[in-house]
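Have the viewer open as you read.

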Amino acid sequence: MAGEQATEHHLFFDDALLPSGWARGVRLTIAAGRIAAVETGAAPAPGDARHGCALPGLPNLHSHAFQRGMAGLAERRGPAGDSFWTWRETMYRFLDRMTPDDIRAVAALAYVEMLESGFTRVGEFHYLHHAPGGAPYADPAETSAAIVDAAAESGIALTLLPVLYAHAGFGAQPPTPAQARFVHDLDGYARLLAGADAAAAHLPDAVVGVAPHSLRAVSAGQLAALAPLAEGRPVHIHIAEQMKEVEDCLAWSGARPVEWLLDHAAVDARWCLVHATHMTAGETAAMAQSGAVAGLCPITEANLGDGLFPAEAFVAAGGRYGVGSDSNVRIDAAGELRLLEYGQRLARRGRNLLARGEGRSTGTDLYAAAVEGGGAALGAPAGLTVGASADIVSLDRDHPSLAGRDGDLLLDAFVFAAGRGAVDGVWRRGDRLVAAGRHRAREAVAARYAATLARLLA
């Protein structure tokens, strides 16, 4: 990537969150964008860049980057009550005019904001494929290439998840005109996937997965036929986000969405089930046992009125999870973790529900779980360990909410008090993209975004 150090260099941190826990005096050797050595209990050497506290960069396992441009546009009450489904109509109208250049401009700002909040890899669940009106572009991966360009400009790591979207509802209902920009058959999707592979090939550490949109948008036969294309790739799917979706699935199949999927697909640790909000106790336990990662997006799920994922029971059953920014109505890594825990507190009327045992730090357990689960879901294990990409977040030890804190107390204060305002630096492959909380390309990216939105909303 641009600016990547060609030679070995070193970063020294007073404290760092390693896979084994907190360590003092951590000296990282960076070579070719990766962590070549980790020393603990070390002293800084001459020439080392010195910083306070290091965290592993957080994976953002679920994003629709283009929706950043419609943040705040669906907050006016309608005549007959509002829901996810009325929000979706606003989304369809917003995307109807977007060109690949518009997608590139909006995604670039979303990715800059992700990096500024502490996300260092994004899972882009990308379904806006065709031209306005639904005609295919000459290059089937035209808009996927725009996403790759935005990731390259911002410097964020990318797991691109081209979406197969074929139907409007359960039982292979024909797509609506508003969905024309999304739709592929299996042959078209195979061409899209090949094009996405080619577009992402030049991006360091890029991963390309497959994403059947949902059980309502992909038939049972299409889901089964995706298996050869999915070999060796991450597999992501929306599921059980809304009660209407559960009810429609029951009417179609006699089974609930997670129940049906686990019975009909070889769901394993490569899979990410996004939302999975509405599950029975049996589904919750079975999903945890499958090894699939729960893709949770608490800010978007609250904004859309989805409901609350049964996180406490899922974790107790051994389930893994990560967090994502989904609709990008607000991009805030710490905020996603905070709201994940707060949702459980409101539902269960308790506290520290996602800490993994007596005396455990809720902030540290939330963060560590999201690093592990998110990295697994995106096909790129994360963490401050030898061989991993040097994707690092430093906190501002002078932030008032972090005063006097160390170790777990520092991370508790970051998640539950300071939030993204405490993010000081962000490195991607050892290259510092964010300093003093600000991305080095913010000004140019934000100006292009503003011009794009002025035209789209005119």
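Predicted model: local features only at pLDDT ≥ 70, side-chain atom pairs only at ≥ 80, totals over all residues.

The largest nonpolar core has 117 residues, and the members that touch the most others are Tyr111, Leu261, Trp271 and Phe414. So which helix gives this core its largest share? That's α2, residues 100-117, which puts in 10 residues. The core also draws on both domains, with at least three residues from domain 1 (9-56 + 384-439) and at least three from domain 2 (58-378). Apart from it there is another core, this one of 14 residues, including Leu18, Ala23, Ile35 and Ala54.

Next, the sheet. Eight strands make up an open sheet, and if you trace across it you get the order β3-β2-β1-β4-β14-β15-β16-β17, with mixed pairing. At the edges are β3 (34-39) and β17 (438-439), each of which pairs on one side only. Zoom in on the β17 end: β16, covering residues 431-435, pairs with β17 in the antiparallel sense over two bridges. In that stretch, Val434 stands opposite His439 of β17.

What packs on this sheet? Helix α14, residues 407-418, does, and the strands it touches are β1 (9-18), β2 (21-31), β4 (49-56), β14 (392-395) and β15 (423-428). The direction of α14 makes about 80° with that of β2.

Asp326 isn't a glycine, yet its phi is positive, at about 50°. You'll find Asp326 in the loop between β13 (320-323) and α12 (333-348). Is Asp326 buried or exposed? With a relative accessible area of 4%, Asp326 is buried, because anything under 20% counts as buried here.

The loop between β13 and α12 also holds Asn328. Asn328 is another non-glycine with a positive phi, about 60° in this case. Its relative accessibility is 1%, so Asn328 counts as buried.

Key
Residues numbered from 1 in each chain as written. Heavy atoms only, no water. Helix = DSSP H or I, 4+ residues; strand = E, 2+ residues; numbered from the N terminus. Buried < 20%, exposed > 50% of the residue type's maximum accessible area, 1.4 Å probe, protein only. Core = buried A, V, L, I, M, F, W, Y, C linked by side-chain atoms within 4.5 Å. Domains from an automatic or database assignment. Pairing = 2+ DSSP bridges. Contact = heavy atoms within 4.5 Å. Axes fitted to C-alpha atoms, helices over the stretch in contact; angles between N-to-C directions.
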